[in-house]
Amino acid sequence: MDKIQRGVARSRALLPQITHRPLPSGVSYLHFGDYGTRNAMTKHELQRLKDQLIEANTNPQTGRQLFLPAFKPQTLGHLERSQELLTKEGKADDYAWLVSSRVWEEERKGLPKLLVLASPGFKVFSSGHHLMEIKNGSPEEVREIFALCAEVMSLIRRSAILVMGKIHGIASGAGAQLALATDVPVASRSLTELWLPGADLGLPCTSPAAGLSRVLGTRRTWLELAKGGYVRAGLKLHGVEVDDPATKTVEDKLQYEQQANILFEGPPSSEKSLPRRSAEDIVRHRLSLDHLVYRLARRLTKRDTQQTAITKWAFWTQIGLRGQPHINADGVEVDGCGGDGFEDAVAFAGRVMALHSQSEVAKEGISRFLQENAMRKQTNKTEVEMNETTG
């Protein structure tokens with residue numbers, strides 16, 4: 001028993017160092033999970049996630065929370081008036097940080113530009129809720145746990161900065177929902193499996209299925225929920241996947257072996273649960289996943305984050321336009337155009353684009369494009385004239 005406890009303690013100490021490589025400037029980790037509990041979403045871990053999300057979206061000087069407003073068309077009217085107030089009077093209201101890159105930078109000074117959700121360990125991203133907490137908790141405590149889980153996923157959706165998920169190993173039940181709640185889920189094809197335990201557990205994953213059905217489609221999600229069982233689910237990640245990496249150099253192979261030796265405490269033996277080849281493969285896939293996360297995070301943070309925020313708000317708002325009666329951007333109730341909501345969505349998008357085009361970043365981008373286009377035309381004209389002369 002002492003040997004097992006020492007091994008668990010050693011793994012807990014080493015795994016975060018192995019799995020969480022440094023991120024680009026301006027990017028922060030959203031840490032959750034405990035290797036000893038298979039990264040279960042305990043009440044403590046859910047609260048820790050909630051606190052980190054709020055901190056990453058709160059002005060450190062004023063304490064003002066900077067989450068995206070309600071995903072409702074009438075919010076667009078507030079954004080339009082905010083932009084007009086800034087342009088004509090130079091005044092910033094409560095919505096100015098979402099329409100002006102300058103005000104955004106002032107409000108979010110010192111805050112991260114991107115978050116990466118990651119848990120410790122190699123084989124499990126999250127085993128879902130901690131079932132002992134559910135079993136032993138009072139009805140009030142259980143309601144609080146599920147409500148807290150829903151709040152965390154709502155905060156991810158409303159985060160003004162993108163939340164990337166580094167998904168490795170099994171993501172089961174609510175863990176699968178958490179993985180796909182991120183804006184940009186990133187995973188290894190060989191390491192990642194999404195599971196819905198279904199009715200076999202006695203506690204059908206109705207809550208995760210409600211969220212996943214909006215990502216994966218209703219029929220497919222219901223099939224997995226109804227089928228149940230801890231088998232490899234056919235659920236696609238619907239995110240960014242890294243291809244299985246190949247060992248390119250001798251140095252790469254030595255690095256994988258070294259990391260595997262550290263992780264699994266030395267050379268393989270009959271007592272080891274994983275053969276050496278599997279250990280090296282797991283490390284190899286993980287390092288490739290880390291590399292993809294790093295490169296993608298670096299690329300995303302080069303974009304203007306305020307523009308990304310307004311795009312995120314506009315996208316999830318227009319999703320709700322289904323051709324039904326609704327309050328439009330002017331705060332007026334309209335009948336809606338019916339059908340699948342296409343006409344309502346494009347009308348809404350037109351006003352969003354008009355708002356977007358007046359931003360500092362859009363104006364700079366348009367000017368740069370026109371300038372570069374004029375230079376290309378001049379270059380082409382010069383080349384044609386030279387060819388005619390020499391011809």
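**Ground rules.** I number residues from 1 along each chain as its sequence is written, and side-chain values use heavy atoms, with hydrogens and water left out. Because the model is predicted, local features need pLDDT of at least 70 and side-chain atom pairs count only at pLDDT 80 or more, while totals for chains, interfaces and linings use all residues. Helices (H or I, at least four residues) and strands (E, at least two) are DSSP runs, numbered from the N terminus.

**Entry 1: the sheet.** I looked up the strand order. The sheet is open, has five strands and runs E1-E2-E4-E6-E8 with parallel pairing. Two strands pair if DSSP finds at least two bridges between them. E1 and E8 (240-242) are the edge strands, each pairing on one side only. From one strand to the next, the twist averages 25°. I then checked E6 (residues 184-188) against E8: they pair in the parallel sense over three bridges. Ser-188 has Val-242 in E8 as its bridge partner.

**Entry 2: H7 and H8.** How do the axes of these helices cross? The axes of H7 (residues 139-158) and H8 (residues 174-181) come within 9 Å and cross at roughly 15°. Axes are lines fitted to C-alpha atoms, for helices over the stretch in contact, and angles run from 0 to 180 degrees between N-to-C directions. The two helices are therefore roughly parallel (under 35 degrees; over 145 is roughly antiparallel, 65 to 115 roughly perpendicular, the rest oblique). I listed the contacts (heavy atoms within 4.5 Å). Cys-149, Val-152, Met-153 and Ile-156 in H7 meet Ala-174, Gln-177, Leu-178 and Ala-181 in H8. These residues divide into seven nonpolar, one polar and no charged. Ala, Val, Leu, Ile, Met, Phe, Trp, Tyr, Cys and Pro count as nonpolar, Asp, Glu, Lys and Arg as charged, and the others, Gly among them, as polar.

**Entry 3: Gln-52.** I found Gln-52 in helix H2 (residues 43-56). Is Gln-52 buried or exposed? Gln-52 counts as buried because its relative accessibility is 17%. Buried means under 20% relative accessible area, exposed over 50%, partly exposed in between (1.4 Å probe, protein chains only). Leaving out residues up to four places away in sequence, Gln-52 touches Tyr-29, Leu-30 and His-31. Its C-alpha atom is 10.0 Å from that of Val-152, 100 residues apart along the chain.

**Entry 4: Arg-38 and Asn-39.** Arg-38 lies in the loop between E1 (27-31) and H2. Arg-38 is not a glycine, yet its phi is positive, about 55°. Asn-39 is in the loop between E1 and H2, and its phi is near 55°. Arg-38 is partly exposed at 45% relative accessibility, whereas Asn-39 is buried at 2%.
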